[in-house]
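The following paragraphs lead a new reader through one structure, step by step. Please keep the sequence and the three-dimensional view at hand while reading.

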Amino acid sequence: MRDPSALQVESFLEMMSAERGAATNTLQSYERDLEDVRSFLNGRSVRLTEATPDDLRAYLGHLAKQGFAASSQARRLSALRQFFKFLYGEGLRGDDPTGILDAPKKGRSLPKTLSVDDVGRLIGRAETEAAEPGGNVLLRRRMHLLVELLYATGMRVSELVSLPASALAQTGRFLVVKGKGNKERLVPLSRAAVAALDAYGEALAAEIGDDPAAGRFLFPAQSKEGYLPRQVFARDLKALAGRAGIRAATLSPHVLRHAFASHLLQNGADLRAVQELLGHSDISTTQIYTHVLEERLHQLVQTHHPLAKQAKKPD
């Protein structure tokens, strides 16, 4: 005898097609997902139409053990929600067992970053090119300064390219950066960044004359905004990476921002301090870097804990 659940799935799909106008691909996806659930529950001697919340939790747990991503699990759960909503609406069930199920949590992907060596090669290449005579000195010095500033401060690329020209007149080793919501924060500059800023200022003055600090933007350009478009910087950064022997596909301005944060934490910086430097309003945003802290703590224990040292001793 045919499982009545299969007939209800067919009725559900017909409703989705006739009343909701669901596309063929959507219907096929629902059919595959519900058939997979039905097959799993049959193995537990449970009909799909009679499944309890615990039965459905067991199915989601089965998917997780099989290595399905959280997004795939969430899609299956969505199909189940639609199906049981249909059964409830048709009076075929008096409850909806999916109502108390939590959607699988999607893991937050770790940010891409660069090694300290790769950053050194990237900046070294930019510095070498900036010192070369002839050609467009201003563009080469601009690129050197952009890379130095980005790695020295961890600024967002939008904050970097729109820096005001008044940065040229700054004294000391700090910059005021205007971030999201027009909130200002103070970021420190490395000596190398200060030197690159001075060299760029000289080249800019030679190019436009007068006092370049009297202009509006540090990186002026013929664009709608009046400053260097971030897309142009991203393109030029990839080209620089290629010349430095670094895979261009792995590099973007955002990757350098991540490298700034990761390298600080690797060397003992406090997470709250990194939060301030990055301009994150909420510490939870910065906590994506806790994997760096965890690795550092693991190395700390392995290096300094007396039991770890004993475990390393030969018999």
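Does arginine 243 count as buried, partly exposed or exposed? In this model, which is predicted, arginine 243 has a relative accessibility of 41% and therefore counts as partly exposed, since that class lies between the limits of 20% and 50%. Its side chain forms a salt bridge with glutamate 129, and the closest N and O atoms of the two are 2.7 Å apart. The pair links distant parts of the chain, for arginine 243 belongs to helix 9 and glutamate 129 to helix 5, 114 residues apart. Glutamate 129, at 10% relative accessibility, counts as buried.

With this pair located, the chain as a whole may be considered. The protein chain contains 14 helices and 2 strands. It has 315 residues, and buried residues make up 40% of them. Among contacts between residues at least 6 apart in sequence, 61% join residues at least 24 apart. The accessible surface of the chain comes to about 17,800 Å², and carbon and sulfur atoms account for 50% of that surface.

The interior comes next. In soluble globular proteins, nonpolar side chains tend to be buried together. Here the largest nonpolar core has 43 residues, and Leu149 and Leu218 are those with the most contacts inside it. At least two residues of this core come from each of several elements, including helix 5 (116-131), helix 6 (137-153), strand 1 (174-178), helix 8 (191-208) and helix 9 (230-243). Helix 6 provides the largest share of this core, 8 residues. Leucine 149, leaving aside neighbours within four places in sequence, is in contact with residues including Met155, Leu160, Leu163, Leu175, Leu189, Ala193, Leu218 and Phe219. Another core, of 27 residues, lies apart from this one, and among its members are Met15, Phe40, Leu77 and Phe83.

How many residues does helix 4 have, and what should they span at 1.5 Å a residue? Helix 4 (residues 70-89) has 20 residues and should therefore span 28 Å, which agrees with the 28 Å between its end C-alpha atoms. Its buried residues include Ala70, Gln73, Arg76, Leu77, Leu80, Phe83, Phe84 and Leu87. An α-helix has 3.6 residues a turn, so residues three or four places apart point the same way. The cover over the buried residues of helix 4 includes helix 1 (4-18), helix 2 and helix 3 (53-65). Just after helix 4, glycine 91 takes a positive phi of about 75°.

Helix 4 is also joined to helix 2 through charged side chains. Aspartate 33 and arginine 75 meet in a salt bridge, at 2.8 Å from N to O. Aspartate 33 lies in helix 2 and arginine 75 in helix 4, so that this pair, 42 residues apart, links distant parts of the chain.

A search of the whole structure finds 13 salt bridges. One of them joins glutamate 159 to arginine 156, with the closest N and O atoms 2.6 Å apart. Glutamate 159, at 5% relative accessibility, counts as buried, and arginine 156, at 12%, counts as buried too. Salt bridges that share partners also join Asp33, Asp36, Arg75 and Arg76 into one network.

Not counting residues up to four places away in sequence, arginine 38 touches Asp3, Ser5, Ala6 and Leu48.

The last stop is the surface. Phe174, Val176 and Leu186 form a nonpolar patch there, with about 290 Å² of accessible area together. Leucine 186 is found in strand 2 (residues 184-188). Because its relative accessibility is 51%, leucine 186 counts as exposed, the limit for that class being over 50%.

Note on methods:
Residues numbered from 1 in each chain as written. Predicted model: local features only at pLDDT ≥ 70, side-chain atom pairs only at ≥ 80, totals over all residues. Heavy atoms only, no water. Contact = heavy atoms within 4.5 Å. Patch = residues over 30% accessible without salt bridge, like charges linked within 9 Å, V, L, I, M, F, W, Y side chains within 5 Å. Areas by Shrake-Rupley, 256 points an atom, 1.4 Å probe, with all protein chains shown as cover. Salt bridge = Lys/Arg side-chain N within 4 Å of Asp/Glu carboxyl O. Helix = DSSP H or I, 4+ residues; strand = E, 2+ residues; numbered from the N terminus. Buried < 20%, exposed > 50% of the residue type's maximum accessible area, 1.4 Å probe, protein only. Core = buried A, V, L, I, M, F, W, Y, C linked by side-chain atoms within 4.5 Å. Expected span 1.5 Å × (residues − 1).
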